[in-house]
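Please open the structure in a viewer and follow the selections below in order. Each stop names what to select and then describes what is found there.

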2 protein chains.
Amino acid sequence: MRLRGGIDLGGTKIQAVVVGPRHGVRGQSRIPTPKDAGPAGVIQGMAEALATAAQNAGVETSDLDGVGVGSPGDVENDAGTVSRAYNVVPDWDGAVEVAELLRAHTGTRVALGNDVRVATTAEFELGAGRPYQSLLGVFWGTGVGGGVMLNGGPWRGRGAAGEIGHMVVRRNGARCPCGRDGCMEAYAGRRAMELEARRRMKHGDKTALFRIMERKSRPALTSGVWATALEHGDKMAVELIDRAVAALAAGIASAVNLLDVEAVVIGGGLGTRLGTPYVERIQREMHPHLFVDSRPPAVHPAALGDLSGALGAALLVR
Amino acid sequence: MRLRGGIDLGGTKIQAVVVGPRHGVRGQSRIPTPKDAGPAGVIQGMAEALATAAQNAGVETSDLDGVGVGSPGDVENDAGTVSRAYNVVPDWDGAVEVAELLRAHTGTRVALGNDVRVATTAEFELGAGRPYQSLLGVFWGTGVGGGVMLNGGPWRGRGAAGEIGHMVVRRNGARCPCGRDGCMEAYAGRRAMELEARRRMKHGDKTALFRIMERKSRPALTSGVWATALEHGDKMAVELIDRAVAALAAGIASAVNLLDVEAVVIGGGLGTRLGTPYVERIQREMHPHLFVDSRPPAVHPAALGDLSGALGAALLVR
């Protein structure tokens, strides 16, 4: 039985899976991303999460054909390194030998890929994108990531294609966490939305968002916190999510006008948590911006939910 | 000697060329687009322009290996038809058998292509895009058209890729001639800019734009009219061109963030007329919006100038 591992490395959590030859999940495990021991602590956390997933599948990590890692930051698979993964731990700046260190922990070979790109590939090959030859993957979470599939495969450009979150939806608009102005992510990224919520609170606006966060013992406004606030009809949450939906719709429609892809798949923490009703709202609000509005692209929620990253990472092991 | 014809069909003029085997121009001709005899009059105009270009090359049109036509509207090369070319003559709605009618006039076979796409291909194969494998062509004129070249060839999507002029640069922004809000073309297209200039005049703002237009006996604010007004430091012209440059910069940078292409080529009536200084301004104003600003794409003015459309059309004859 040939099993492969996949690890989705995020700023909040590490998700590990062990899959069989036909991509079925045999074991999985999820842990909070260790924040207090730098990159070394994160790599140990990945090894532990994978060990638990392997145990659930009835094997050792050294029995796996290999493990793929979907990582933020600058990923160099040939060198086996990841640099500038500030989202994961703030001091992750220089190149860390993730492949070599994780191999030492797990006893199996390691392949690295960009987190958003592997998640897009997973949706394309195994999920909502299976019927299509061209696709835009949009991952709506802490930031807004994108993946471009054209002619049946990924389009990488010079290595950095897919930054849909940093398409400009409003010139001279809101400040983005990336430091630029008017990016889609400045309106739709969870980090930017939390900053805006704090700003509005300071100006005297009321919201239950932070009370819900404390009640749930969360360190930040997670997707679950936003979802609960929306269920309660919290005015600020509704306004900020409306603003996010409008920005996503304008940015995604712009990308469709440029590329005329067959389909758009929307996932990520917020996309998955808010699900179909919000994906359908994005689709409706895209329509007035579509240049060829007589045949809009298909728009689907990510079918693999929050496993798309880990399943896509497992696809790196070929 | 194998010669080919190329015709760039525009709303203002028809440009014809006759080229040799290595794409050198052997003859050319340019006439105003006939406006008073519907699509049939336009096709006759194309035949006459081509006949003059052929004559300059010392041949008859029937001696040509064929002629390519780059056309606006919905172009169906297999059917040999063009429909919805309202820019050319307002009553050009249904499918017109351009290939068959033009063959009857010229005695040579006819290939049809989308005007912006053939111009992009010309820059890619013969002009400023020759060193690159991926490229964004931006044609800044009456509207703002775009062409996408990836992996050494055109990316067409489902047939309508490249509508960079209808990427959203300002949600809920200015009304575009296409009827949508906040498109790049709503700020940068010559038609939209003229409407905005008339609106500002009505509100009492002063400008020399329309006096220059009358002095030059032009029916509209042509690229030459804008250039002259800029040379005279006309305040409204400067403001509207600044606004156009900012919109172009934001939209092109967004497209680069999504596709990470190697190069951008900027042509079209205004792009060609205003030339390098304005292309360099667009490049500078793109920079703050580029996600990977450490290695921006190359940005070039179209090397073939206002012949890129006709030369690209001639490339349709293979």
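Select helix 2 of chain B, residues 98–106; in this predicted model, the helix lies across strand 4 (67–71) and strand 7 of chain B. Relative to strand 7 of chain B, helix 2 runs at about 135 degrees.

In chain B, five strands form an open sheet in the order 3-2-1-4-7, and their pairing is mixed. Which strands are the edge strands? They are strand 3 (25–32) and strand 7 (110–114) of chain B, each of which pairs on one side only. On average, and with direction ignored, neighbouring strands of this sheet are turned by 15 degrees against each other.

Then select strand 2 of chain B, residues 13–19, together with strand 3 of chain B: the two run antiparallel and are joined by seven bridges. Within this pair, Ile14(B) has Ile31(B) of strand 3 as its bridge partner.

Finally, display both chains and select the contact between them. Here 37 residues of chain A are in contact with 36 residues of chain B. On the side of chain A that touches chain B, strand 9 (144–150) and helix 8 (235–259) of chain A are the elements that give two or more residues. The largest share, nine residues, comes from helix 8 of chain A. Coloured by residue class, this side of chain A divides into 21 nonpolar, nine polar and seven charged residues.

Note on methods:
Residues numbered from 1 in each chain as written. Chains lettered and ligands numbered in written order. Predicted model: local features only at pLDDT ≥ 70, side-chain atom pairs only at ≥ 80, totals over all residues. Pairing = 2+ DSSP bridges. Helix = DSSP H or I, 4+ residues; strand = E, 2+ residues; numbered from the N terminus. Axes fitted to C-alpha atoms, helices over the stretch in contact; angles between N-to-C directions. Contact = placed C-beta atoms within 7 Å. Nonpolar A, V, L, I, M, F, W, Y, C, P; charged D, E, K, R; others polar.
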